[in-house]
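I opened the notebook to record what I looked up in this structure, entry by entry.

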Amino acid sequence: MISASVVFCLGYYYLSNWLLDNIFLPAHGKNINRNISLANQIRPWLFLFPALFALLVYLAYPVLETLRLSLTERHAYGDEWVGLANYAQMFNDQKFWEAFRNNISWLVIVPAISTGFGLLAAHLTDRIGWGNAAKSIIFMPMAISFVGASVIWKLVYDARPVDQDQIGLINALYLFFGGDAPQTWITMSLWNNLFLMIVLIWIQTGFAMVILAAALRSIPEETIEAAIIDGSNPWQLFFRIKVPQIKGTILVVWTTITITVLKVFDIVYAMTNGHWDTQVLANYMFDKFFRGNDWGVGSASAIVLMLLVTPILVWNVKNARKEIQ
Amino acid sequence: MDNIVGKKSSLSWAVNISVTVLVILWLIPTIGLLVSSFRTADQISTSGWWKAFNSNEQNIIVRTANPQTQKIIDGKYVIEGMLFSSEKEMTISVWGVSSRAIDGYIPGETVKLTKGGEITLREDGHYRMINENPFTGSRGMRVFVTAPMAPEFTLDNYRKVLFDPKNVDGMGKAFLSTLTVAIPATIIPILIAAFAAYALAWMQFPGRALLVAFVVGLLVVPLQMALIPLLKLHMHIGIGKGFLGVWLAHTGFGLPLAIYLLRNYMIGLPKDIIENARIDGASDFKIFMKLILPLSFPALAAFSIFQFLWTWNDLLVAKVFLIDSSGQTEVMTSKLVELLGSRGGNWEILATSAFVSIVVPLIVFFTLQKYLVRGLLTGSIK
């Protein structure tokens with residue numbers, strides 16, 4: 001089955017190009033020049049067709065369809081146009097605002113701390129002999145699934161009754177440093193959001209570090225030498241010289257993590273499933289779609305997500321266009 | 001770099017220490033899970049995993065043989081024996097004869113008993129009780145011993161999670177499902193994307209810049225948008241839920257990044273080679289297969305790693321497009337979430353299952369890290 005699908009893909013490109021060159025517009029005979037130039041105009045579209053088709057069906061069409069679904073109510077006899085009723089219903093839902101608030105705090109905290117730690121790790125590991133090994137380890141959580149990471153951290157946050165030995169590291173440390181009783185960290189309202197965020201920070205810091213380390217290394221040495229000769233101390237060198245030089249890259253890292261954060265689903269789904277005031281938009285949406293079976297409100301919340309990424313989308317496209325020209 | 005003008009940084013020890021702290025912080029959660037997966041359920045629930053390497057001090061209460069077994073030797077009453085059954089080898093560190101002082105004596109010491117007589121206990125568990133008068137009572141005397149247990153690790157959890165056919169929570173089948181999802185979902189998009197990237201990088205046609213912008217725009221579209229419309233579509237055209245559906249979905253969602261990365265890389269390839277090949281009469285198809293693909297190997301490798309990690313680790317797409325009520329096609333991530341709910345306290349099962357699911361990505365990560373880093377850099381540094 002696997003190889004069949006691959007053969008099928010390759011077969012399309014081979015066959016379509018062969019047909020174009022040999023059957024429809026052969027590069028010989030009386031129309032040779034016209035045929036060649038026509039074939040060259042068609043060929044890019046043969047190369048592009050499967051990709052474009054998939055992009056249109058799997059990403060572009062769903063955006064429009066979700067928009068339509070968010071404005072309709074599903075009934076057994078068909079879809080009914082309800083205007084903004086789904087949005088109104090959603091904005092009256094306490095859970096939505098909880099999810100929205102939490103998403104905003106995720107958005108503020110996670111990219112900031114990940115990028116900060118990443119920058120720190122990049123800066124420090126570049127100055128020691130075993131820096132590459134250290135980088136590998138900090139980068140490693142990138143390979144671990146959000147669900148796997150949730151299991152890992154759930155053990156860290158685990159709580160046992162007072163009279164038993166604690167098996168969660170945090171509670172063991174908490175008691176060791178004079179805490180009175182073990183705490184169930186992930187049910188602790190407000191703070192538990194932070195404990196969930198730590199999981200994502202743990203995963204994303206390595207990403208930030210790898211990219212920022214490369215950016216730091218690309219700063220011309222003369223700049224740094226000049227700064228040292230002028231007598232700047234290590235702090236000034238870092239904050240006044242290095243950081244401004246890599247501002248662009250920091251921004252890219254920040255926005256990339258922001259997008260990941262907006263879509264965060266697995267961690268919340270696996271660790272609390274939105275209980276104890278930890279709901280986020282992506283999980284709220286999943287709830288509406290697959291448990292509440294409410295496609296209207298689910299789609300409306302998906303549109304909210306889409307609106308939140310739109311500024312980044314526009315900014316990215318602008319940059320890309322600038323680059324092409 | 002700070003010492004290029006001959007000023008050795010006095011902060012270098014501080015740097016070393018900070019990095020060490022960071023590394024330990026980042027490593028410890030994973031180590032905890034790994035260590036736990038090799039411990040028995042009892043060990044996990046009674047002591048923290050960080051104690052697994054200490055030889056655990058264990059307090060046990062045992063009884064001497066009962067007084068009926070006493071013998072008379074040289075006019076004295078004697079009870080002799082061994083406190084442990086023979087298969088257990090233990091070395092007693094301290095011991096006692098009352099619950100208030102379980103660590104009162106060291107091995108080899110002879111202790112007077114309040115009821116008369118005395119007892120000597122050797123560190124291997126052999127004891128000898130001597131009394132002028134007969135020992136009375138129907139049961140043997142209680143002895144409290146403290147003995148270190150050698151650290152003990154087991155592979156049983158893995159055997160149970162992977163190979164036990166009776167274990168309905170086993171990961172064996174889910175492992176195969178995950179593999180079946182991840183491999184085609186990596187290969188198909190990379191093939192399609194490579195052709196498209198070549199067209200966008202090296203072929204002339206109207207609307208090219210617009211298409212590139214379109215791809216860049218799609219890069220950030222949340223895949224949450226796509227779930228319901230596509231599920232509807234799949235149901236409508238008869239693909240339904242299953243492997244084909246999940247492959248197609250992953251292909252669609254992976255394409256923007258794949259095209260973007262590969263195009264960025266291909267456009268950096270030397271122009272001369274491609275133009276020379278064109279002048280020599282090679283067709284675009286040939287140039288692509290014989291020249292571009294081999295030259296783009298690093299970028300292809302980088303994207304395959306991304307896509308493989310992403311599809312292997314994915315939960316949402318599999319839940320929506322693959323897993324049906326029969327549960328036959330469950331992937332490891334969804335199985336894990338289920339275990340978190342139903343077996344939240346059974347850390348031996350959870351830890352082992354989680355580790356089974358993350359070991360493949362970890363191997364891929366450590367062996368192919370070089371390409372992964374390079375791929376990240378083409379994607380984000382401009």
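What share of the contacts in chain A with a separation of 6 or more is accounted for by residues 24 or more positions apart? I found 65%, where two residues are in contact if their C-beta atoms, placed from the backbone, lie within 7 Å.

I note that this is a predicted model, in which local features need pLDDT of at least 70 and side-chain atom pairs count only at pLDDT 80 or more, while totals for chains, interfaces and linings use all residues. Residues are numbered from 1 along each chain as its sequence is written, and chains are lettered from A, with ligands numbered from 1, in the order in which they are written.

Next I looked at the build of chain A, whose secondary structure comes to 14 helices and two strands (DSSP runs, H or I of at least four residues for helices and E of at least two for strands, numbered from the N terminus). Its radius of gyration is 27 Å, whereas a compact globule of 325 residues would have one near 20 Å (taken over C-alpha atoms, the globule rule being 2.2 Å times the number of residues to the power 0.38). Along the principal axes, the C-alpha atoms of chain A fill a box of roughly 90 × 75 × 40 Å.

I then turned to the contact between the chains, which takes 91 residues from chain B and 93 residues from chain A. On the side of chain B that touches chain A, helix α13 (residues 347-380) of chain B gives the largest share, 15 residues.
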